[in-house]
Amino acid sequence: MDTKALRQKILDLAIRGKLVPQDPNDEPASVLLERIRAEKQQMVKDGKLKPKDIKNDTIIFKGEDNLHYEKFPDGSMKCIEDEIPFELPQGWEWARIRNISTVKGGKRLPKGMSFSESPTDHAYIRVTDMKNNTVITTDLRYITDDVYEKIKNYTISKDDLYVTIAGTIGVVGEVPDELNGMNLTENAVKITDITINKTFLCLLIQSEFVQQQFVDKTHQVAMPKLALERILSTLIPICPISEQLSIISKFNELSLLVNDIQENKQELIDTISLTKSKILDLAIRGKLVPQDPNDEPASVLLERIRTEKEELIKQGKIKRDKKESVIFRGDDNSYYEKIGDTITCIDEELPFELPDGWAWIRLQTCCQKEIKRGKSPKYAESSDTLVFAQKCNTKYDGINMELALYLDESTLVKYPNDEYMQDKDTVINSTGTGTLGRVGIYRKTDNRRGKPVVPDSHVTVIRANNEISAEYLYFFLKAYQQELEKLGEGSTNQKELKPLTLKNLIVILPPYAEQERIIEIITAAVEIMTNIEKSLS
């Protein structure tokens, strides 16, 4: 369940007057708005507001023709029926944000000045602090008295709302009491002098209806920015004061339920993730499906692979790998690895005992081609060759070839035939952070454009030997995905999973028949759980 969409649906019902019952005895919003206009005019007379603060105030009303009109201070009127998205209940009215409040900007630090190195009496509220419709105080920055003196007119109070206007547009929230009178970033504004319920206005601004108006009004440049005047002109529905309180109460009640759903949803997502990992772990330990003593042992399969390689070497089709690994069990029941003339005990590398008929091997031994990364491609607007990049290897959908780019075919000479991706190749993201070590399996059915594909330099292609199931090798590497990420080398911002690291990875190889049984069970289970994950996202 999409809890974000559910929360928006509740807000939508609220602003349409469908969240709580209407009470015909409530004072109509028209009377409330008229009182607000009179109070603002009195505030101008008393010097609490400036004439410019109300000079653009308008009145929205429904004419005798049942259409909506807006009356301006100079007496002129304009039909605004095309702005009205839906009918309001009896007693509700349309207004602009300027009719019920004023909007004022924040202030950047003066040039050459910086934040205090320690807390002071003057917190400086940034956009990064504005989350969950409040201000998060765990990472607040502070300014000195000297800086405060220069920007002391740009503060926000506990009676105001903030709205972000640069970069992230339209985030709105209330100010905790302890931050009353603190300074406000230039990337946000305060909605102040609010004459309706502040929390109700906060809910209105969170609604998709208002947020879409902000998007439509945003000045689209390199850094999107929402102008103060455009906030002031935003259209909002106003209901009677008593109903504002009822809506707030009902929304808070329903929000608790949505939060419970969100928490349960996250618990379910975590459980599914753990279950997937457990299934893969059981599979590679020989505990997912029953063993069959009649299966051809993996050792026989490996001997056949070695025989086939010897024949290819004799035919001159491949070169002998002088560092080829052969892992075997010695008479002392320990495991040894022979590379060339060197034999080494590798018991410390092997984490657990295998079932009868299974074998330990290096990943390179499983492969029919050398494990290496793709080339650095040159792209084109269009061509007959695609380039597989990291972003094609997605979390839920496996491989998304719609994200593949076109190769400039003048560079095709860089790609030998065996470097073109083949059906059931496993791909591993091999650079960067966040998605380093992500494992996917490429299938021709993913490639709707039907063009040949070459990998770029940010992925490594693992192609299983014909004697080994490609799907099993994929699932094995998927089981080790988190470990693969840890094997990355380099800086925090740019890690690399080197081909040599992958070549030397220890792989657990069951008999081929059991590989097939494992694939069947995992495929069915993972499909069910992935569909559940997608439905929760």
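Mentor: The side chain of Thr164 comes within 2.7 Å of the backbone oxygen of Thr168. A polar atom of the Thr164 side chain also lies 2.9 Å from the backbone nitrogen of Val171. A polar contact is a pair of N or O atoms within 3.5 Å; within protein, one must be able to donate a hydrogen and the other to accept it, and residues adjacent in sequence count only if both atoms are side-chain atoms. The model is predicted: local features need pLDDT of at least 70, side-chain atom pairs count only at pLDDT 80 or more, and totals for chains, interfaces and linings use all residues. Residues are numbered from 1 along each chain as its sequence is written, and side-chain values use heavy atoms, with hydrogens and water left out.

Thr164 belongs to strand 11 (residues 161–164); strands are DSSP runs of E of at least two residues, helices runs of H or I of at least four, numbered from the N terminus. Thr164 counts as buried because its relative accessibility is 0% (buried is under 20% relative accessible area, exposed over 50%, partly exposed in between, with a 1.4 Å probe and protein chains only).

On the surface, Asp260, Glu263, Glu267 and Asp270 form a patch of negative charge. Patches take residues with over 30% relative accessible area and no salt bridge, joining like charges within 9 Å and nonpolar side chains (Val, Leu, Ile, Met, Phe, Trp, Tyr) within 5 Å; a salt bridge is a side-chain nitrogen of Lys or Arg within 4 Å of a carboxyl oxygen of Asp or Glu. Asp260, in helix 8 (residues 241–284), is partly exposed at 40%.

Key
Accessible areas come from the Shrake-Rupley method with a 1.4 Å probe; for residues, only the protein chains shown count as cover. Lys and Arg count as positive and Asp and Glu as negative; His and the chain ends are not counted. The place of a charge is taken as NZ of Lys, CZ of Arg, CG of Asp or CD of Glu.
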